[in-house]
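This briefing concerns the interface between two protein chains. Please consult the sequence and the structure shown below.

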Amino acid sequence: MRSAAAIPAALLTIFLATGSAAAAPLRHTGLTLVADTGHTLLHMLAGILLALISTLPLATLARRETPGGAVLRTLTSLCHAIPAPGALPVTAALLVLIAGPLTGAAAEFVILSTVTACLLWPLTRTLAKELATVPPDLGLVALQAGMTPWQRFWRLSIPCAVPQLVQTGVRSMSMAWFVLIWAEDVVSARAENVTRGIGGYFGAAAAARDWTGVGAAILAMTIVIIICELLVFRPMLFWSGRFRRRGEMALGEPVITTLFRSHASLRACTGLITAGLRGLASLPLGPRPAAQPADSGPVPDESRIARITIILAALAVLTGMTIWLSGTALSLTDLLTLAGEGCITLLRTIVMLALITAFWIPAGVWIGLSRERTTLFMPVARMVAAFPSNLLFPLAALVIATGHPHPGLWLTPLLILNAQWAVAFAVIGGMRRYPPSLLLTARALRLRGPLWWKTVILPGLAIPLSSGIATAFTECWTASLAAEYLRWGDGSISAYGLGSAVTQASLAGDLPHAVTGILLMTLIILGTDRFLWRPLQEKAARRFRQTP
Amino acid sequence: MTDTMTDTAPGQELLRLHNVSQSYRKDAGPEALVLDGISLTLHEGEIVGVIGRSGSGKSSLLRIMGGLLRPASGSVLLRSSPLTGPVPDIGMAFQSFALFPWLDVMENITLPLEARGMSRSEREKHAEDIIRLTGLDGYAGAWPRELSPGLAQRAGLARALISRPDILLMDEPFAELDILTAENLRTDLVELWAESRLPCRSVLLVTHNVDEAVLMCDRIIVFSANPGRVEHELLVPFAHPRDRETPEFRDFVDDIYGLMTRRAPVISEACLPAQTAAPAARSLSPLPPVPVESIIGLIEALAASPLDGRADLPQLATRSHLELDDLFPLTEALQLLDMAELEDGDILLTREGGRFAGSGAEERRAILRHALLRGLPIIREIRAMLDERPSRAAPAETFRNMLETDMSADYAAQTLQTLTDWSRYAGLFDYDEESDRLFLNEEE
């Protein structure tokens, strides 16, 4: 707890110290990459902090068994399904409407809100779920000890949620970096006086066909990823192990926490912060507990009709707002075109998912079967997965520019570059949790070849695999916004598809097209979740769970 | 006992429950009564044991006494003033130890003091005695995950005692410990109590282990199940330390088993308000999750020597390492199937039961089929309903709903599961999990 508490504090200090620098415009090319890298880091840290701060009240309210809580839960799952970059054109348009041209703080706000949205919804879903599953006996102890609601929240509910929260946060980083780079690129191309970050630098380099610039951006990003992994995520994962109620701690102690533990001055510093936080968490705010009436059993889940009504209402409000903002509505032909583009992107997504699953099942099983291979592979894979693949997209541009004129074909693999890791990690994680006794039995029975895959491995992986593929599917759609339309030089390379349509519309300021496209994507994601992934996961859970 | 209480007059009333009832309402179903008109009093200087089978509302009772749960009706008085919430005067220890995994032993123990805003140094000073008393010296800085179950429960007890409460409530505190560890902790507790070193004035122990209750308690309250009622109250006439092996001790344990298995409630010597009204007639009471193999195993054990068809329940429990919660559902199942009878704490195999034990697999299935059809009308009903349908199958949901007219949804699900398990063995009907349907096997 000591060392990890110090890390956010230290980061906050850096943030405050460089805040003034961030405000100054840096529009010149040349040796500004270091500053841009710093800005990207600051964007990300601010996004994480914002998401963490907003998730607490949101999740607390969403957990309530009131109509308001139910509406909030439905809205959370709706927002979760909207591809995070999709919110950008709407926020940008709103800001332009309110504050005039997109400059300075307004543009920063657009970047920040996009990256926050990317983290906020997964965190809120996780936190709400964890808040609802606090172990009842620990809850009784807290009541018995006379802890007030404030004390119970900070000393019981939040510690219980920490492991899953950190896990979700670390998993969401891949998409968060991707979206951040994309947002910086898009915003700094359109706005004045904005800290452009690595994304903006990269965009400028791509516009100038400057390979050195692209390479430098990739290098800078790699360094950022490694620093974050070593200084933030690995210590966080290690620290969160303390709050685990069961199960092993998979990680060895990271260097940074050892450092903080072994130096007296650092230790004193972190000890002071921990004691302060703990005092804050123990403030006796709120009434002492009283005897509760017998609970009336689980409250029935909000009816499906209510959920659908809320979702439709939210969509209607968004559509209405779009029409109000732009003063026009889409014609039927436009809608049909968008639907056609949606089908093409859907087809691409499914083909790529099938290919990547076919690759990662054997590869992941091979890695997951051995503990050594897993411990060697996972830290590297986590960093590779966190690397925003949009920085690599110029490679596709290169291929297409050197005489392979099929953008639809060559841009398609870009969809899966980041999303594939959801499948890979699902397979490896599933193998690590696979009961060793069953593997041993399979060996004793000399099950081999197709029979081994069919009866031993695939059923055992059904549960993690089905949820991994569902996650990858959603991430593919997010990626499609960046992957189907590349700006290269003064022109662009685009593939026919919904992602490319939305991005082009956003860049051209065509709000009705952009928002309708995003809504269509959201509907496709929600629909497949409701009618394909969820039933599949439930079937897998019913059929292949290992304990009754 | 009186010599252990030197500072205050013995027998002063501490906690009184008067006519306390508790019920839960499941979403649509009828209200399920958990506790029915409980009146009991806890006095200074006594250890009181509450024993009962699962479904007797013991945990609800404990939560009500701890001020955590508000009863649906009736009153709870602590030193004659109403108890409206948890207070430092009452400490609780739980079966699962309930230690916070992210706090070390010292932090766990002093949590109630910290919640009240006591400073760190003061807290640790308070904890010193308790840590020594509970035998946790040297473990103050350990994490819960490093503790053996025995030490973890000692930490749980230390936390319950940290405020030097008047009353210590314990919910099956030894149930998750192995036999040796549990015995060690029991003797330690009794010793501390007998020497007046335990920092509390009264203890209430909820358990399903009759031996344990007789070993530790001065007074034992026997609860009936579904709903929980006070059925008997007995004073334990032995002084501490007690010897389990004396004939008097064994007889006393035997008597309690006898009381618990008697079908119509009989008022014991402690004389409570008369509870002569038998439970309302029901078409079917919930079936506990008793697997067929356990039934067969018990019949075989009963039929074999040295039991030869008759066994003393406490002995049977010891021989087969079964606790009350496991043993009673089994004996009830045997009674329901007419394979065994209970008589004064003894279980006797019936002729049918003896025939079952002496038969081969095929014959056993036939005997059980016969017994199920005769003993459980619901199985006849299910078969008739399945037979009526052209597909000879029906959603299990239908039958769960049918059962829910008599019991809560959870019990209905569990009962149908037990029925299905038994019927599968007997070849009466089968179940397909994937489609959640019951069906008749065509080959019969």
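Buried area is the accessible area (1.4 Å probe) that two parts lose on being put together, summed over both. Between chain B and chain A, this area is about 3,200 Å², with carbon and sulfur atoms giving 56%. The residues of chain B that lose the most area to chain A are B:Leu68, B:Trp102 and B:Glu434, together 22% of what that side buries.

The model is predicted: local features need pLDDT of at least 70 and side-chain atom pairs count only at pLDDT 80 or more, whereas totals for chains, interfaces and linings use all residues. Side-chain values use heavy atoms, with hydrogens and water left out; residues are numbered from 1 along each chain as its sequence is written, and chains are lettered from A in the order in which they are written.

**Contacts**
- Chain B places 38 residues in contact (heavy atoms within 4.5 Å) with 37 residues of chain A.

- The rule finds 4 salt bridges (a side-chain nitrogen of Lys or Arg within 4 Å of a carboxyl oxygen of Asp or Glu) across the interface of chain B and chain A.
- A salt bridge joins the side chains of B:Glu107 and A:Arg278, at 2.7 Å from N to O.

**Strand pairing**
- Strand E1 of chain A (residues 292-293) pairs with E4(B) in the parallel sense over 2 bridges; strands are DSSP runs of at least two residues, numbered from the N terminus, and two of them pair if DSSP finds at least two bridges between them.
- A:Gln292 has B:Leu69 as its bridge partner in E4(B).

Terms used. Helices (H or I, at least four residues) and strands (E, at least two) are DSSP runs, numbered from the N terminus.
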